There are 2 protein chains.
Amino acid sequence: MSVPVKKMHLNLFVLNTGHHEASWRHPETMPKSVTDIHYYTRLAQMAEQAKLDSLFIADALVLTPAIQHKIGGGLEPLTMLSALAMGTERIGLIGTVSTTYTEPYNAARMFASLDHISGGRAGWNSVTSVGDVTAINFGRERHPEHSDRYEQAKEFLEVVKGLWSGWEADALVADKQSGTFADYSKIHPLRYKGNYFSVHGPLNVARSPQVFPVLVQAGSSDAGKELAAETAELVFTAQDTLEHAKAFYADLKGRMAKYGRHADELKILPGFSPIIGATESEAREKEAMLAELITPDFGLIRLSNSLEIDLHRYPLEGPVPLEDLPSIEQVKGQKARFEMLVDMVKAEQLTIRQLIHRTATARGHYTMVGTPEQVADVMEQWVKDGAADGFNVMPPYFPGGLEDFVGGVVPELQRRGLFRTEYSGRTLREHFGLKHPDAQPVVTTT
Amino acid sequence: MSVPVKKMHLNLFVLNTGHHEASWRHPETMPKSVTDIHYYTRLAQMAEQAKLDSLFIADALVLTPAIQHKIGGGLEPLTMLSALAMGTERIGLIGTVSTTYTEPYNAARMFASLDHISGGRAGWNSVTSVGDVTAINFGRERHPEHSDRYEQAKEFLEVVKGLWSGWEADALVADKQSGTFADYSKIHPLRYKGNYFSVHGPLNVARSPQVFPVLVQAGSSDAGKELAAETAELVFTAQDTLEHAKAFYADLKGRMAKYGRHADELKILPGFSPIIGATESEAREKEAMLAELITPDFGLIRLSNSLEIDLHRYPLEGPVPLEDLPSIEQVKGQKARFEMLVDMVKAEQLTIRQLIHRTATARGHYTMVGTPEQVADVMEQWVKDGAADGFNVMPPYFPGGLEDFVGGVVPELQRRGLFRTEYSGRTLREHFGLKHPDAQPVVTTT
Ligand SMILES: Cc1cc2nc3c(=O)[nH]c(=O)nc-3n(C[C@H](O)[C@H](O)[C@H](O)COP(=O)(O)O)c2cc1C
Ligand SMILES: Cc1cc2nc3c(=O)[nH]c(=O)nc-3n(C[C@H](O)[C@H](O)[C@H](O)COP(=O)(O)O)c2cc1C
């Protein structure tokens, strides 16, 4: 008697022409398709045919001069996912919305609306956004401090969950005979008063199939992990090695008990960016082809940002100037990313050009090059070793890299019994084996 | 030689089960479909088959206890229209977004995104929203004063137009060879600093087919008409008689010259809600059937709101208590609506119940009962007499009232040469004969 193997979950991270920085220069990709909904629909349908749990769209609220060398300017997630809902039937649709620069009442109704439109397939990646460059698009001079952003995120989550839970399941009556459209005693105002938000409610969109979207987070700081442990149902994370991924997994799941949550109520999906070939050497050729297309101009901007120093002043073939970098305490942006880069440089004595190449593949996420079997081996190992409940799949370029994955790796995982061959559920929560929200209205008295 | 007749424009105002207040109780309507995207898709497709210029979705940012007797709780406009874009090919898609309770950067990118998704079919009805009941969902205690809201609306329009115009037509290069994705000298930041909004830009969505959505307004106050004369391309308005409609039309078009605009650059569409039957008596029967379904409970709430007095304290069969009403100066809400109701009561000596019935049909918009020919006669007359450039069609109930309109009235208008028999354009601006925006980036120096 064989013990049934634990199935893994797969999310497709849809990003322009792919996750390799140079993917838009690849002969096969169509960079002007960033605003073409039919392009994205084809990717979504491909992922759905392979029975993936979901797809995910990242978002930022700023455009920087980096667009000179870096693909951007694409669609906004909520409008895009609403359109994708019409071209697909089962796959989950996860979009990013910022808790720092959005009104929670507006976000709540848009996600409720997306959940209706998609028949219960909505997911929300809540982020606190990045940098003063974003703040200045929203009437502020400075991006709020990290801790303030997370305080605000916490309130935001309380507000939107409260709004979504305000409609009891049988509130919408629509009784033509008596002329009662809704039972207002079953639609509860929220009357939330916080430091950041005061929202009275109730929400003006009826209860949606999932009550609320699957709650996704991707924070890596202590505050981020704590908020995820308390509230998230899905976590995306960038882990560059199996060991780091295991440590992250144990850390995050370990924080859940104190919030009365079971480890299974949150699924962790590390990013995973495989370059796949029928043979190893074919895969290596694909890797080399992409590497040749890397633009050092953009790499310099990107690394100067992450390392908070102007690398243009140093020779490209010279060493990364560790001695001139700020100390970790001085870093204003993403500390985890800064540390990862410094560790990499120290361990491998990299030149600036080498560091650009090493990090052009998938922004610090795990990358590998190999055959479908080799890729499946690694995925199997990560899940068995307690490093992942599944993966955030980040094809290096579209559609080729996705075709390689769904045509080669997915069937291999299915043969091994590690991935579904059919959808059994309808909603995104059902795909991930998450329980339906136990939505209790916040009952306040006037 | 016959002079070619001026063609009219037709917009379908999509609203739940229809514009008659009791439509949701009509045996044919499906009130639980308010959250069903497939229901709306069918209506949109019906309108598109009849070659209508556009459809329009209204919006409010609040839910009140009136939902007990009044249909509500439906989808949010931008997500809904993005989904409808996928089920249609030519019809314009106009959505309402508030300038009082939305971040302009977010609104700008969502509309740009919708314009991409729909291939240039987006329109935006900008409104300033209503009442303290809305304010309390957005961290405020009071809805801003009318004049402040319009000041803010004006700034909001400047910001979003500036953001949309910031991308020159050939900014997105995507030159794989040189590694240049965009020509940043052709993507202009806005650097807007106003009293309500400070937005740096540039927008992070590439220039869309129409550059920006068709700008729609529906204000009826002096400030509203002034803003429309300066900026709007389409105006919806509620006019209860031909005379009122002519006066409004002449007034609004007359205000445009001082902004250097030609009268043709703005189209005026009064609301029009016909109850249509193959014979006049069949139409009367349909009217009577709907009238019977009116719920006085909701009528009382609605009129108490508009007249700013609690009508529950007066007998339903007694006269409307004109002597107890506030004076027009004291009215806090929509003054135009208040005046229209008072005029109606004075002219016809109505009881409360009669006023409820008279106003249940389409909230003060022009309503009529008749055959397709009679309906077409009125429409023809309004356009010829300079009262309208077309109509905001408000079927009393869906889908029946729309079927009657597209099956009976549209063919009759087409026979008379008053309405297109085929789309000639692709974008919403083309349908309405509006010129493509002459988008000049706001060039500021640092
Ligand atoms: C897979 C993945 C996707 C992410 N997507 C976004 C995004 O779309 N928008 C965003 O502002 N941040 C995004 N982030 C950043 C995280 O939300 C978070 O800000 C970052 O990991 C730093 O962690 P911290 O906020 O806890 O300091 C993403 C991170 C990961 C790992
Ligand atoms: C056809 C039509 C549609 C409207 N749609 C909306 C709407 O969706 N949301 C809203 O808040 N107001 C809507 N309004 C109200 C107007 O935007 C405006 O507030 C009202 O006519 C009062 O005019 P004023 O704001 O200039 O005082 C609509 C008005 C009309 C005539």
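Predicted model: local features only at pLDDT ≥ 70, side-chain atom pairs only at ≥ 80, totals over all residues.
1. Let me start with ligand 1. It has 21 residues around it, and the closest of them are Asp59(A), His146(A), Tyr150(A), Ala218(A) and Ser221(A). Ser221(A) places an N or O atom of its side chain 2.5 Å from an oxygen atom of ligand 1. For Tyr150(A), a polar side-chain atom is 2.6 Å from an oxygen atom of ligand 1, and for His146(A) the distance from a side-chain N or O atom to an oxygen atom of the ligand is 2.8 Å. On its own, ligand 1 would expose 610 Å², of which the protein buries 85%.

2. Next, the elements behind that shell. In chain A, strand 4 (122–127), helix 5 (146–165) and strand 10 (234–237) each contribute at least two residues to the shell around ligand 1. By class, the shell around ligand 1 holds eight nonpolar residues, twelve polar ones and one charged residue.

3. Now please turn to ligand 2, in chain B surroundings. Among the 21 residues around ligand 2, those that come nearest are Asp59(B), His146(B), Tyr150(B), Ala218(B) and Ser221(B). Asp59(B) takes part through its backbone: one of its polar backbone atoms is 2.8 Å from a nitrogen atom of ligand 2. His146(B) brings a polar side-chain atom to 2.8 Å from an oxygen atom of the ligand, and Ser221(B) has a polar side-chain atom 2.5 Å from an oxygen atom of ligand 2. The protein buries 85% of the 610 Å² that ligand 2 exposes when taken alone. Two or more residues of its shell come from each of strand 4 (122–127), helix 5 (146–165) and strand 10 (234–237) of chain B. Eight nonpolar, twelve polar and one charged residues make up the shell around ligand 2.

4. A point on the record: the unreviewed UniProt entry lists Asp59(A), Thr96(A), His146(A), Tyr150(A), Ser220(A) and Ser221(A) under "binding site". Of these residues, Asp59(A) and Thr96(A) also belong to the lining of the largest cavity. Thr96(A) is part of strand 3 of chain A.

5. That brings us to the cavities.

6. Which elements of chain A and chain B each supply at least two residues of the lining of the largest cavity? From chain A they are helix 2 (77–87), strand 3 (92–98) and helix 3 (104–117), and from chain B helix 2 (77–87), strand 3 (92–98) and helix 3 (104–117). The lining of the largest cavity divides into twelve nonpolar, eight polar and eight charged residues.

7. Finally, the second largest cavity contains about 40 Å³ of space. It is lined by Ala112(B), Leu163(B), Trp164(B), Trp167(B), Leu203(B), Val205(B), Ala206(B), Arg207(B), Ser208(B) and Val211(B). By class, that lining has eight nonpolar residues, one polar and one charged.

Notes
Residues numbered from 1 in each chain as written. Chains lettered and ligands numbered in written order. Heavy atoms only, no water. Near = heavy atom within 4 Å. Polar contact = N/O pair within 3.5 Å; in protein donor to acceptor, adjacent residues only side chain to side chain. Areas by Shrake-Rupley, 256 points an atom, 1.4 Å probe, with all protein chains shown as cover. Helix = DSSP H or I, 4+ residues; strand = E, 2+ residues; numbered from the N terminus. Nonpolar A, V, L, I, M, F, W, Y, C, P; charged D, E, K, R; others polar. 1 Å grid on protein atoms, 1.4 Å probe; cavity = no way out; pocket = protein on both sides within 12 Å on 5 of 7 lines; lining within 4 Å. Points joined across faces, edges and corners; volume = space filled by probe spheres on them. UniProt positions renumbered as here; feature names shortened; annotations may be inferred.
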